[in-house]
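Q: I am new to this structure and would like a close look at one part of it, namely the charged side chains and how they pair. Please take me through them slowly, and then through the places nearby in topic that deserve a careful look.

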Amino acid sequence: MCGIVAYIGTKPALPILLEGLKRLEYRGYDSAGLAVINEKLHVAKTVGRVRVLEDMLEQRTRTEHFDGTLGIAHTRWATHGEPSDRNAHPHSDNKTNGHGIALIHNGIIENYAVLKTWLQDRGHTFNSDTDTEVLAHLVGELYDGDLETAVQSALREVTGAYAIAVICEQEPGVLVVARKGSPLMVGVGKDEYIVASDSSAIVAHTTQAFTLDDYTVAKLTRDSFRTTTVDNVPITPQIRELEFDLEQISLGAYEHYMLKEIMEQPQALRLCLKGRIDTRAGQVVLGGIAQFARDLVKARRIIFVGQGTAMHAALVGEYLMEDLAKIPTEVEFASEFRYRNPIIEEGTIIIAISQSGETADTLAALQEGKQRGALALGVVNVVGSSVARETDAGVYLRVGPEIGVASTKAFLGQVMVTALLATFIGRRRFLSADYVSNLLRELEAIPDHIDKVVKLSDQIREATAKYIERENWLFLGRGHNYPVALEGALKLKEISYIHAEGMPAAEMKHGPIALIDDGMPAVFVATKNSQYEKVISNIEEVRSRGGHIIAVATEGDKHIRKLCQADEDVFYVPDIPEPLQPMLTVVPLQLMAYHAAVLRGKDVDKPRNLAKSVTVE
Ligand code: AGP
């Protein structure tokens, strides 16, 4: 979950590398470093954010020549070796009789301990606790004047996941990069190449890029490139146009990416729906999976796999699939599913849900289901990501890039796409054209409804401020809104560091109700639907034990206002059909978490200990 960027060209590399690191900092931000070749290798690295590295370079560049046109840079999310100056990347090969090699890495070298012993037996001494330094020393040990060959040889010895970029003082015109498991793409410019973990660090320079496949090595010079497998078999990559521009990944007038992404959800869902619904014909158009329509109609079981917010979207998808398509559906934590001996019978479809498309557990669960014979589909946001490329087919969210670590618009996109998928199948199984036309009109109206809900932001901030000192919150919902309660709790936890628990409201009586003390905030998702009366009695249970109610309710519901005390808060959302309510009810909870984090002075876009995509297990 680190960020990698590298540059070879004719421009000074330093400003390009630093700009790239800032764009990738959401991937990991506990330490940063870079190396530039200008006659010799110049390395700067430090614990802390990219701005700490910038300050360091401010000093260092007064006396050192970091103005080369070849360089590599890294922002870290520690796996092996705590965040520190010596564990920060880049790592170099052996000090004594080294070749001036610098290497950066995203991933995990699983057999690094064995390799380290082998290298120590050959006189290597190590300065850090990282697996990455072992790889740098291995490349150095195998170096014989050709960096590409040395990297290929070294990678044939390692097991695990890697995206790497390597430079060598003795070859100031060569950049070598490689990938297996962790994402890496190459931006193709005029007499320059910019390599990065994702396109957000590339779009400022070029919109032409190719993604490296697993076990692929690319040798880049200022005017050409060559791609091979680690066994040196030449391959031709597919260069494609990147799907978004710089403006989409800029903060604009917003203070934080999370707020920007919450506020742009109406537009994001309009893009997600574009060209996919034909209300008159009562048809859903999903070109990406159309070739498997018959398999979907005959499906006997659907298994959703995902982690975190994606898993919560899958839980809403389970209700939608069983409601609209009438197919038995299960939801699994990918991290559990991949190691459980899952039974996959004929007619099973596995659907991986992932914003980044790079979550290691979700990718592995998908591969597990696929190798056991399931049809493997994906609901993914990042085009060309590993999950997308591993599936037989899939549906992209098209909600645009999501930068904020706390996922918001991707959740809505994931729920909207599962609703479209369930309707696509349901229309081919039981649902009439009329029923589907009405449902599609309701789906089409959701972006406008959300336009109204996001306007509650100030009211939600005031309400949240009342409970900002409380360290324990409960989130409660039933039916389709139960996963929304889970999602609300996750959002609050991950960016405000308040402990919160989400659960089905009926579960409270079986234990958690003991937690309720005077003034404890209990957030209820209490919109008008088949479970409304039950939720109301759950509210009274909490009330009678001194809990403070915050409710998300249906516009016009006077009863719940009367039920709540004057100093308690009710946020109203438009009245829509029950199965679709999660797409509205989650928005006030996103805003609550956002305001709680801001009011508690937390770093909203880069919460501690987290990273945007978890590419190691
Ligand atoms: C959600 O806000 C978190 N960033 C995290 O739980 C995330 O949803 C999870 O890691 C899955 O990520 P993915 O959708 O990219 O696979």
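A: What follows goes through the charged pairs, then one glutamate in a helix, then a helix packing, and lastly some backbone details.

The model is a predicted one, and a search of the whole structure finds 32 salt bridges in it. Side chains of opposite charge can pair when their charged atoms come close. One of these pairs joins the side chains of glutamate 64 and arginine 60, with 2.5 Å from N to O. Glutamate 64 has a relative accessibility of 24%, so it counts as partly exposed, and arginine 60, with a relative accessible area of 23%, is partly exposed too.

Another salt bridge is formed by arginine 372 and glutamate 368, where the closest N and O atoms are 2.7 Å apart. Here the two partners fall into separate classes, for arginine 372 is partly exposed at a relative accessible area of 33%, whereas glutamate 368, at 15%, is buried, the limit for buried being under 20%.

A further salt bridge brings together the side chains of lysine 370 and glutamate 390, at 3.5 Å from N to O. This pair links distant parts of the chain, since lysine 370 belongs to helix H11 (residues 360-371) and glutamate 390 to helix H12 (residues 386-390), 20 residues apart. Lysine 370 has a relative accessible area of 28% and is therefore partly exposed, and glutamate 390 counts as partly exposed at 23% relative accessibility. Salt bridges also form a network, in which Lys260, Glu264 and Lys409 are linked.

Glutamate 494 can be followed through its surroundings. This residue lies in helix H16 (residues 482-496), and with a relative accessibility of 14% it counts as buried. The side chain of glutamate 494 makes a polar contact of 3.1 Å with the side chain of lysine 491. Leaving aside residues up to four places away in sequence, glutamate 494 touches Val405, Ala406, Pro607 and Leu610.

Helix H15 (residues 457-465) packs with helix H19 (residues 582-599) at an angle of about 55°, and their axes are 9 Å apart. H15 and H19 are therefore oblique to each other, and H15 passes H19 in a right-handed crossing. On the H15 side the residues that meet H19 are Ser457, Ile460, Arg461, Thr464 and Ala465, and on the H19 side their counterparts are Pro588, Leu591, Met592, His595, Ala596 and Leu599.

The backbone itself holds some details to look for in the loops. The peptide bond from histidine 89 to proline 90 is cis, with omega near 5°, and proline 90 is found in the loop between strand E4 (70-76) and strand E5 (91-92). Glutamate 39 has a phi near 65°, a positive value in a residue other than glycine; this glutamate 39 lies in the loop between strand E2 (31-38) and strand E3 (40-47), and at 75% relative accessibility it counts as exposed. Lysine 326, although not a glycine, likewise has a positive phi, of about 55°. The loop that holds lysine 326 runs between helix H9 (308-325) and strand E18 (329-333), and at 45% relative accessibility lysine 326 counts as partly exposed.

Terms used:
Residues numbered from 1 in each chain as written. Predicted model: local features only at pLDDT ≥ 70, side-chain atom pairs only at ≥ 80, totals over all residues. Heavy atoms only, no water. Salt bridge = Lys/Arg side-chain N within 4 Å of Asp/Glu carboxyl O. Buried < 20%, exposed > 50% of the residue type's maximum accessible area, 1.4 Å probe, protein only. Helix = DSSP H or I, 4+ residues; strand = E, 2+ residues; numbered from the N terminus. Polar contact = N/O pair within 3.5 Å; in protein donor to acceptor, adjacent residues only side chain to side chain. Contact = heavy atoms within 4.5 Å. Axes fitted to C-alpha atoms, helices over the stretch in contact; angles between N-to-C directions. Parallel < 35°, antiparallel > 145°, perpendicular 65-115°, else oblique. Left-handed = near helix turned anticlockwise from the far one by under 90°.
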